[in-house]
Amino acid sequence: MDLANLTIASTRTAIAQKEFTASSLVKGFYEKIKAEDPEIHAYLTLCEERAFAQAMRIDDLAAKGAPLPPLAGVPFGIKDVMVTKGVRSTAGSKMLENFVPPYDCTAVARLEAAGAIILGKLNCDEFAMGSSNENSAYGPVRNPRDKTRVPGGSSGGSAAAVAAGTAVATLGSDTGGSIRQPASFCGVVGLMPTYGRVSRYGLIAFASSLDHIGPLTKTVKDAATVLRVIAGRDPMDSTSADVPVPDYEHEMGAPVAGLRVGIPREYFGDGLDSGVRAAVESGISKLQNAGCEIVPISLPHTPYAIPTYYVIATAEASANLARFDGVRYGYRAKNARTLSEMYRRSRDEAFGTEVKRRIMLGTYALSSGYYDAYYLKAQRVRTLLASDFETAFQKVDAIVAPTAPTAAFKLAEKVDDPLSMYLADVYTVTADLAGIPGISVPCGQTKSGLPIGLQVLGRHFDESTVLRIAAAVEHH
Ligand code: GLN
């Protein structure tokens with residue numbers, strides 16, 4: 001069994017044709033994880049009992065010759081911001097070091113109902129705040145493509161596990177780029193669906209109006225398969241959309257000839273690495289050769305995206321993280337003499353530096369006297385950023401740009417410079433603010449062999465076109 005190269009499609013076929021059993025596959029994956037993951041550090045928790053129980057259910061089905069569900073026997077890893085019943089869920093924080101949730105995140109439950117096997121929980125930046133995975137309370141993840149470099153973040157473990165072949169596919173979350181940017185850094189596919197496409201029930205909240213769950217996979221087709229399983233209305237999340245879920249695998253098979261692809265001028269300016277530019281441009285040429293019409297466009301409010309994102313995301317985070325008070329879940333400081341001392345010390349001792357920085361920024365932006373100047377202003381600019389996309393989508397069917405301005409940077413290179421770390425998200429935060437879908441697909445590498453991602457953005461609920469274009473970049 002060549003575990004490192006298995007895709008969802010090939011795993012499914014091998015299990016259906018009885019080339020191997022789900023149980024032997026799971027055993028193989030745990031051996032690989034135990035041998036190789038200590039160096040990468042993508043996994044925080046393994047759930048072997050749960051995985052083998054599910055594998056046996058799949059093996060029973062296969063033995064009976066019963067029809068197999070779409071993800072039958074496919075080993076997954078889950079970013080540790082999604083709660084899993086009976087399996088520790090830390091969100092990368094010391095605050096939740098011993099937190100064992102009493103229920104499952106909807107996306108995880110849907111994966112398992114479709115036959116997937118959950119191997120374990122994956123490392124990430126604390127509460128998904130970061131771009132390099134270096135904000136995890138449990139230590140960083142190394143990029144399997146170059147172990148001196150970061151895997152990106154905040155879904156660093158989710159991207160690294162797919163790149164290292166220690167999971168066939170994973171789930172991540174994207175609030176400002178955290179699925180697409182690590183996918184780009186690790187050379188895998190990362191899909192952020194439309195806001196509301198996938199239920200957020202059981203996703204430990206960072207910024208609720210920006211949080212999305214989505215898959216990281218080896219191929220675009222695999223991303224389509226996972227999306228179909230996890231998408232769709234969930235009564236437990238009132239923001240999940242009641243919009244029909246198409247057969248993405250089928251729809252993405254349509255040729256791309258005749259599609260109009262917009263190239264936003266603002267995404268190719270200063271700060272874009274020349275190697276990244278060359279690889280993205282070669283991806284664009286492939287689309288042109290496949291018959292796409294390439295249309296120069298402008299998204300004029302792009303320069304305001306990073307400040308807008310960091311006002312809104314921190315404001316929402318400061319409200320969401322108020323629940324971690326030492327009473328309800330997680331860490332509680334010892335020997336506090338008063339209630340307020342217990343609150344203060346629990347939060348002081350269990351939150352990391354970046355989380356504290358964001359709670360303070362967000363509380364400031366929401367406080368009376370500053371609310372209008374910062375938060376309300378940011379909400380207005382958010383509307384302008386969304387209308388940039390609406391205008392563009394009157395002329396084009398999708399937008400293509402770099403995912404990130406550079407390839408993976410070195411570990412520790414940016415830890416002391418939060419502003420330069422924030423700039424790693426310049427090309428990704430706009431889609432989160434507008435709620436539109438986006439994907440990062442590998443399109444080449446730098447001279448030193450580091451992967452580079454190309455990003456495709458689409459209209460609300462039009463993941464099919466996004467997947468179609470990404471597949472054309474991937475295959476030609
Ligand atoms: N890197 C961005 C941040 O630090 C995005 C994080 C995310 O998408 N979860 O906020």
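## Legends to the close-up views

Q54 is buried at a relative accessible area of 4%, where buried denotes under 20% relative accessible area, exposed over 50% and partly exposed anything in between, for a 1.4 Å probe and protein chains only. The model shown is predicted, so that local features need pLDDT of at least 70 and side-chain atom pairs count only at pLDDT 80 or more, while totals for chains, interfaces and linings use all residues. Residues are numbered from 1 along each chain as its sequence is written, and side-chain values use heavy atoms, with hydrogens and water left out.

View A. Q54 belongs to helix α3, residues 48-64. Helices (H or I, at least four residues) and strands (E, at least two) are DSSP runs numbered from the N terminus. When neighbours within four places in sequence are set aside, Q54 is in contact with E112, G115, A116 and I117; contact denotes heavy atoms within 4.5 Å.

**View B. Packing of helix α2 on helix α3.** Two packed helices are described by the angle between their axes and the distance between the axes. Helix α2 (residues 22-40) packs with α3 at an angle of about 155°, and the axes are 8 Å apart. Axes here are lines fitted to C-alpha atoms, for helices over the stretch in contact, and angles run from 0 to 180 degrees between N-to-C directions. The helices α2 and α3 are therefore roughly antiparallel to each other. By convention, angles under 35 degrees count as roughly parallel, over 145 as roughly antiparallel, 65 to 115 as roughly perpendicular and the rest as oblique. On the α2 side the contact is made by A22, S23, V26, K27, Y30 and K34, and on the α3 side by E48, A51, F52, A55, M56, I58 and D59. By class, these residues divide into 8 nonpolar, 1 polar and 4 charged. Ala, Val, Leu, Ile, Met, Phe, Trp, Tyr, Cys and Pro count as nonpolar, Asp, Glu, Lys and Arg as charged, and the others, Gly among them, as polar.

**View C. Crossing of helices α4 and α7.** Helix α4 (residues 106-113) and helix α7 (residues 220-230) have axes that come within 8 Å and cross at roughly 110°. That angle makes α4 roughly perpendicular to α7. Residues A107, R110 and L111 of α4 meet V226, V229 and I230 of α7. The contact of α4 with α7 comprises 5 nonpolar, no polar and 1 charged residues. Helix α7 is mostly covered, with 9 of its 11 residues buried; among them are D222, A223, A224, T225 and L227. Just after α7, G232 takes a positive phi of about 115°.

**View D. The loop between β3 and α5.** A cis peptide bond joins G153 and S154, with omega about 5°, and S154 lies in the loop between β3 (117-122) and α5 (156-164). F127 lies in the loop between β3 and α5, and its phi is near 50°, a positive value in a residue other than glycine. F127 counts as buried at 2% relative accessibility. N133, likewise found in the loop between β3 and α5, has a positive phi of about 70° although it is not a glycine. The relative accessible area of N133 is 0%, and N133 is buried.

**View E. The loop between α8 and β7.** V256 is placed in the loop between α8 (248-251) and β7 (260-264) and is buried, with a relative accessible area of 8%. Apart from neighbours within four places in sequence, V256 is in contact with A290, C292, R468, I469 and A472. L259 also has its place in the loop between α8 and β7, and L259 is buried at a relative accessible area of 10%. L259 and D397 are 138 residues apart in sequence and 6.3 Å apart in space, C-alpha to C-alpha. Leaving aside neighbours within four places in sequence, the contacts of L259 are C292, E293, D397, T465, R468 and I469.

**View F. Helix α13 and its cover.** Helix α13 (residues 371-395) has 25 residues and reaches 36 Å from its first C-alpha to its last, close to the 36 Å expected at 1.5 Å a residue; the expected span is 1.5 Å times one less than the number of residues. A kink of about 25° in α13 is centred on K377, the bend at a residue being the angle between axes fitted to the seven residues ending there and the seven starting there. The buried residues in α13 are Y375, A378, V381, R382, L385, A386, D388, F389, A392 and F393. The elements covering them include β8 (293-297), α10 (305-320), α12 (353-366), β9 (398-402), α15 (429-434) and β11 (451-458).
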